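Hello,

Here is the structure I promised to pass on to you. Please have a look at it, and then read my notes below.

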Amino acid sequence: MSNKAKNYEVIVVGAGPAGLTAALYLARFRRKVLVIHDGNSRALRIPTTHNAPGFPDGIRGTELIERMTRHAVEFGAKILEAKITDLEQSEGGFRLVGEDGRAWNSRSVILASGILLNQVDLPPDLHEQAIEAGVLRYCPICDGFEHSDARIGVIGCDSNGAAEALFLRQYSANITLMPLGYPELSPEQSRELRGAGIAVETGALTLLEPHVDHMAVHLEDRDEPLRFDVIYPALGVRPRAELASRAGITLEPDGCIPAGSVNDSGVAGFFAAGDVTEGLDQISVAMGHGAVAATNAHNWLREQDSHTLQAED
Ligand SMILES: Cc1cc2nc3c(=O)[nH]c(=O)nc-3n(C[C@H](O)[C@H](O)[C@H](O)COP(=O)(O)OP(=O)(O)OC[C@H]3O[C@@H](n4cnc5c(N)ncnc54)[C@H](O)[C@@H]3O)c2cc1C
């Protein structure tokens, strides 16, 4: 393997809806663009999305990513799998280094690295089977509609959990909020939940048992498990924003990249897109960010080059 770093006009980190949209736009701007990803787009875990515009019958996450990849490659984007562990500003742009020691140089970077979910404690296979079966969900905005009038359990008795339970009340009158450990609700939150007809359990979660058509939830103060059609853990997320910090970006208190970084991150030539930025974590938003960040990166390069088309190196 050659250790000589390859040079690109734009490197996009991430091959989810944000990164692949950015790659498509950049390829169509005739930019030399490389997408590097480590195979962990959250979209790959979606059994079927019903709110991606243009797919009235829904589309599996794997199929969406496969189509988007094909589309970007069709116009000339290069895509390779590697985990980037270091990103630093260097003369002429940025230097990215992979876990295996490979390195790449780029004049501009778009970070579309997504977020990681804080998940409930289930063996990985069982966890993904429960998502596939539709008895475990993480995003009410994505799929609350599909669980209209269902028996819904929300896990996480804090302000996040309370907010999620109240949000889901639009879809069902049968909502129960349960603590992961111990309840952390304020008297006002408890009152609001009671007013909305949401049941609140107080015993800590001891075991989750996914079945094909329901989730059994064992709580420490109940002899029998509670049975729900679906549960929504509300346990927060961890943005994959460490590479932005390395590039010199100051992150938001919740670890996200500031929303304005889609347009201007404060670091010349560096842009961000999708879930890793502050805001609504959705496919359609990630795609929009990808288009905006790519156009900004392209225009920034044009400015650097006095608007001329550069010869291939
Ligand atoms: C179960 C589930 C169901 C969902 N349902 C819906 C739905 O119905 N509708 C909807 O709109 N949204 C849904 N979502 C959310 C949706 O998947 C995300 O909003 C969307 O994928 C965000 O796109 P993104 O490109 O920002 O990030 P992602 O798709 O997560 O992509 C991040 C990319 O960055 C790469 N990456 C990160 N760090 C590195 C690194 N250091 N080196 C190399 N590569 C790196 C990853 O490999 C990945 O390719 C769902 C999510 C889940 C988990």
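**What I found**

A backbone N or O atom of A43 lies 3.4 Å from an oxygen atom of the ligand, which is a polar contact (a pair of N or O atoms within 3.5 Å). Before I go on, please note that this is a predicted model, in which local features need pLDDT of at least 70, side-chain atom pairs count only at pLDDT 80 or more, and totals for chains, interfaces and linings use all residues. Residues are numbered from 1 along each chain as its sequence is written, and side-chain values use heavy atoms, leaving out hydrogens and water.

A polar backbone atom of N40 is 2.9 Å from an oxygen atom of the ligand. R240 uses its side chain: an N or O atom there is 3.2 Å from a nitrogen atom of the ligand. On its own, the ligand has 1,000 Å² of accessible area, and the protein covers 98% of this (areas by the Shrake-Rupley method with a 1.4 Å probe).

The ligand has 34 residues around it, and D38, S41, T49, N51 and I283 come nearest (a residue counts if one of its heavy atoms lies within 4 Å). By class, this shell holds 15 nonpolar, 12 polar and seven charged residues; Asp, Glu, Lys and Arg count as charged, Ala, Val, Leu, Ile, Met, Phe, Trp, Tyr, Cys and Pro as nonpolar, and the others, Gly among them, as polar. At least two shell residues come from each of α1 (17-28), β2 (33-37) and α8 (283-304). Helices (H or I, at least four residues) and strands (E, at least two) are DSSP runs, numbered from the N terminus.

How do α1 and α2 (residues 61-74) cross? Their axes come within 8 Å, at roughly 20 degrees (axes are lines fitted to C-alpha atoms, for helices over the stretch in contact, with angles from 0 to 180 degrees between N-to-C directions). That makes α1 roughly parallel to α2 (angles under 35 degrees).

Best wishes

Definitions and conventions
Polar contact = N/O pair within 3.5 Å; in protein donor to acceptor, adjacent residues only side chain to side chain. Parallel < 35°, antiparallel > 145°, perpendicular 65-115°, else oblique.
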